[in-house]
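Hi,

Here is the structure I promised to pass on. Have a look at it first, and then read on for what turned up.

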Amino acid sequence: MTEARDARHTPEGVAIPAFEADYAPADEALVPALLIEIAHPPGEDERVASRAKRYIEAIRHARGGIGGLEDFMHDYSLSTKEGLALMSLAEALLRVPDAATQDRLIEDKLASGDWEHAAARDSESWLVSATTWALGVTVRIVHPNETPEGIIARLGQRLGMPTVRTAARQAMRLLGHQFVLGETIGSALSRAAEARRRGYRHSFDMLGEGARTSDDAGRYFEAYAKAIEAIGASAEGALPGRPGISVKLSALHPRYVARQHARVMAELVPRLIELSRAAKAHDLNLTVDAEEADRLELSLDVFAKLLEEPSLAGWDGLGLAVQAYQKRAPHVIDWLADASRAANRRLMVRLVKGAYWDTEVKRAQERGLPDFPVFTRKPATDLCFLACAKRLLAARPRLYPQFATHNALTAAAIVEMAKEGKGGDREFEFQRLHGMSEALYEEAHGRDGYDCRIYAPVGSHKELLAYLVRRLLENGANSSFVNAVNDHSVPIESLLESPSESLAGRSPRHSGIALPKDIFAARKNSRGLEFGSREDLAALVDGVASAREVAPVADASLEDARAAVDAAVAAHPAWEATPSEERAAILERAADAIEGSCDSLVALLAREGGKTLDDGIAEIREAVDFGRYYAAEARRLFARDTILPGPTGEENRYRLRGRGVFVCISPWNFPLAIFTGQVAAALAAGNTVLAKPAEQTPKIAREAVAMFHAAGVPQDALKLVPGDGKIGAALVADPRIAGVAFTGSTEVGQIINRTLAGKDGPIVPLVAETGGINAMIADATALPEQVTDDVVTSAFRSAGQRCSAARILFVQADVADHMLKMIAGAAAELRLGDPADPTTDIGPVIDREAKQALEAWLAKMRREETILFAGKTLQAGNFVAPHIVELKRADALTKEVFGPVLHVVRWPAGRLDDVLAWIGRTGYGLTFGIHTRVGGRAERVARALRVGNIYVNRNTIGAIVGSQPFGGMGLSGTGPKAGGPNYLQRFAHEQVVSTDTTAAGGNASLVTMEDRAEPGARS
Ligand SMILES: Cc1cc2nc3c(=O)[nH]c(=O)nc-3n(C[C@H](O)[C@H](O)[C@H](O)COP(=O)(O)OP(=O)(O)OC[C@H]3O[C@@H](n4cnc5c(N)ncnc54)[C@H](O)[C@@H]3O)c2cc1C
């Protein structure tokens, strides 16, 4: 952390200022100030509108000519099934090596689209026609019962699936050709020559997803280095007119994330310096692409290192992309202006709106941030773009502005703005993506003479598709200019509305996008933390470091346990009589207290439970969510009686009541969340509680109980009864117990069940969540990078000590080598260590016994199976490094291995049912994950498996209260699911009070009824 705060200096010793800006301020606070900032001279609006109108007319006039993405997106808008189907198909098809899966994928995607009738059929664009042709043929095959229509359909039927597959793939390739300049830098450079002759500049980009492994990062580095040499060899002119390269930092390092600041500085920066030196040697423009918001501060630290580097001094080609949708964008521009002044050199600054808007909104909601780091209304982004542009233009010549937009109105506004201040009305360039906005820039560049650079992706078509999907998503969106300009039903006037006009008198915030805290209607979402905010992360780390040590907890004796039962029994009537609203309010206060004690609880979770900071925050949030969720459920289910239907003259009232004393036995792996969840549910339902935490984690339990008491739960309504299994057994065996909530091993669950069954007296409920041998399946259509991320998270996060963790991965044989290599490479990047250190990915396992059990299992695996990967472990402490074990047969996995050990098995295409049968035979049914682009397959598999929580194209851990109620079937638990709508009922008795309202001598309500006919009925 200290590294991040180190002051930076230029080679001349001038201090480079630190970047500081609120991560996610409120839209309402920013937009009014931006509106004032872009106030401009009278008449400018008209000039902008008139220029924009000309550009738009040119675009509309050119449509249908050479064909481009715009045509394609217009015809297959994302709002249609066809558009979505095509997008998934495009993304997946070229990755699929085996014919069977290709057929399944084509069938699945194309069956859902009405290709026959898509508007594209009549398009004159060669691109759209060609693609439609291929897809049109395909749909005929998919629906063989449809009446064949025309020659294409008949042809399709005659050709059969293999030809259709080829046709569809060719269509995808065609798309690829449209948006990739060349598969190699050599071919890209020769293809660029024609545009160069017309005065365009280029910035080349190496296609691909971010690096997951150090091998990937090495390959990207080589590709960039080779490209720089090739570009340099053919470059002409002087900067800023010379060509350049765009570099993604996530491609140069497998752990380019804020938590790994020190590694990024030590490992990524030297690579970037080397590339920059090469770019400098050829006097090229090297621009660092802008990525996700949580990486912004990290990227600026990396960038500052380049300014510090003596060997790069005097080079005017270094550049950075800035995203105007980020609320911090104006601060980034100011920082760049200050930094360039300090370094006494020119910087090139590409201003974009930003490519990951949907991801940013989702991430902020998921992470429970106070607000979004991006604007929520499109005109606010447009406005911020203009405000940033104004600052950029004012900072010339220190900053060289590069405006990357496909929006004619934005471009026109820039042109007019540049005419205002000092700095020359042409001292900037526009940028566009290859394959897009050709018509706009034929006008702005070709006719008006403004400089324009083309961002030109280079790489194989296989790598293009993720890029293409981003472009489709971004530009196919309703709010996108490209989408609107190509829709001739949209009047030009509406395209000319300036951002200020769109925002005038209206809220700067989108009313349809709930703030992270408001995404759950009935309750507040738990507050999270963004590790990408240096300030917030540093505050957490400091808070954790300074958290006080807490005293040990003494085990309860059997005598104590009996006394606790006495007290809880006595306390029950009063607690049950407490109105549910009051019980709910108490639980909410307890949840607030837990949320408010984040630092000390994270510290305790790290010290007692070995939880990393990430895991600690997630656990606290889950505990808070449980408290609030069950409070809301108490209001929903217990606040009032339900009147049930019946004959006139009687009343039937249905209500839920607490059962009595509940024993809650919780595990060490979620010592706060599961503990709190069980206790809150039992209390919410009007029970008093004996809470028996795991013997490894009593301190956390004691803290939680103290918070419940402080929030208003009477002392005797919640008693902590710490101790080992004997204490739990004594509580369960007590005849006065009204029910047991248990989370832990299947074995102990069964012992509890037998104890309860062996008792005389009332038969009481057992709510048990037990273990699982959780499987994941990846087929050939899955994106390897996504599989890698999700497998690594599912198998190794929390040192694999989650009951939801993936224990066995079934990977389709055709893609297994590649995928397993990537997964092993990503696992190799994980770091073991002190869980309170933010750079730690994996903390220790819970105790020595756990470590020994895991080591014994690994020793057996080493003898009998193949170890694909063994991570580096630490000698001191209870650490177990991640392992990947390839099994000859899945049957070798005979039990739940509760640690960072992933077992893998290859399955041949066509044998998926065998895999499903194996999963069924385990008898467990807790979590399951599948990675596939074949939508029908995910659904089929979900229906075939008796598993409680199924995750499609994501990881299998971290179930969210209320969104993903958690709990399994079979050997994995009794249900109902924790954090789900049926949970509280299991903690309650049902009661119905039926009253004969005629008993007092007559049915008053019936006889006093007015004469009334059925509405609308005729006599
Ligand atoms: C040469 C070039 C280089 C690029 N490099 C990068 C890069 O390094 N990093 C990067 O992230 N992107 C990059 N992009 C992509 C760029 O972000 C998008 O192309 C751009 O946002 C589209 O803006 P526009 O002005 O062309 O279109 P417009 O249609 O005017 O704007 C669309 C944009 O508005 C924003 N938006 C949409 N809905 C909302 C909403 N409800 N609230 C707030 N904002 C909204 C989004 O940013 C969306 O992309 C680059 C683009 C080009 C042309």
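**Helix packing, then the backbone**

The helices H14 and H15 cross in a right-handed sense. Keep in mind that this is a predicted model. On the H14 side, the contact is made by Leu296, Leu300, Phe303, Ala304 and Leu307. Facing them from H15 are Val332, Trp335, Leu336, Ala339 and Ala343. Sorted by class, that contact has 10 nonpolar residues, with no polar and no charged ones.

As for the geometry, two packed helices are described by the angle between their axes and the distance between those axes. H14 covers residues 296–308, and its axis comes within 11 Å of the H15 axis, with a crossing angle of roughly 15°. Angles under 35 degrees count as roughly parallel, so H14 is roughly parallel to H15.

Pro397 sits in the loop that runs between helix H17 (378–394) and strand E8 (399–404). There is also a cis bond from Leu239 to Pro240, where omega is near 5°. You'll find Pro240 in the loop between helix H11 (214–234) and strand E4 (244–247).

Asn344 has a phi of about 55°, and its place is the loop between helix H15 (329–343) and strand E7 (347–352). Ser798 has a phi near 60° and belongs to the loop between helix H33 (784–796) and strand E19 (808–812).

Are these two buried or exposed? Asn344 has a relative accessible area of 55%; exposed means over 50%, so Asn344 is exposed. Ser798 comes out at 11%; the cut-off for buried is under 20%, so Ser798 is buried.

Last, the cysteines. How many disulfides are there? The count is zero, the rule being a pair of cysteine sulfur atoms within 2.5 Å. Cys598 is buried, at 18% relative accessible area, and Cys803 counts as buried too, at 11%.

Over to you!

Technical notes
Residues are numbered from 1 along each chain as its sequence is written. This is a predicted model: local features need pLDDT of at least 70, side-chain atom pairs count only at pLDDT 80 or more; totals for chains, interfaces and linings use all residues. Side-chain values use heavy atoms; hydrogens and water are left out. Helices (H or I, at least four residues) and strands (E, at least two) are DSSP runs, numbered from the N terminus. Buried means under 20% relative accessible area, exposed over 50%, partly exposed in between (1.4 Å probe, protein chains only). Axes are lines fitted to C-alpha atoms, for helices over the stretch in contact, and angles run from 0 to 180 degrees between N-to-C directions. Angles under 35 degrees count as roughly parallel, over 145 as roughly antiparallel, 65 to 115 as roughly perpendicular and the rest as oblique. A crossing is left-handed if the near helix is turned anticlockwise from the far one by less than a right angle, and right-handed if clockwise. Contact means heavy atoms within 4.5 Å. Ala, Val, Leu, Ile, Met, Phe, Trp, Tyr, Cys and Pro count as nonpolar, Asp, Glu, Lys and Arg as charged, and the others, Gly among them, as polar.
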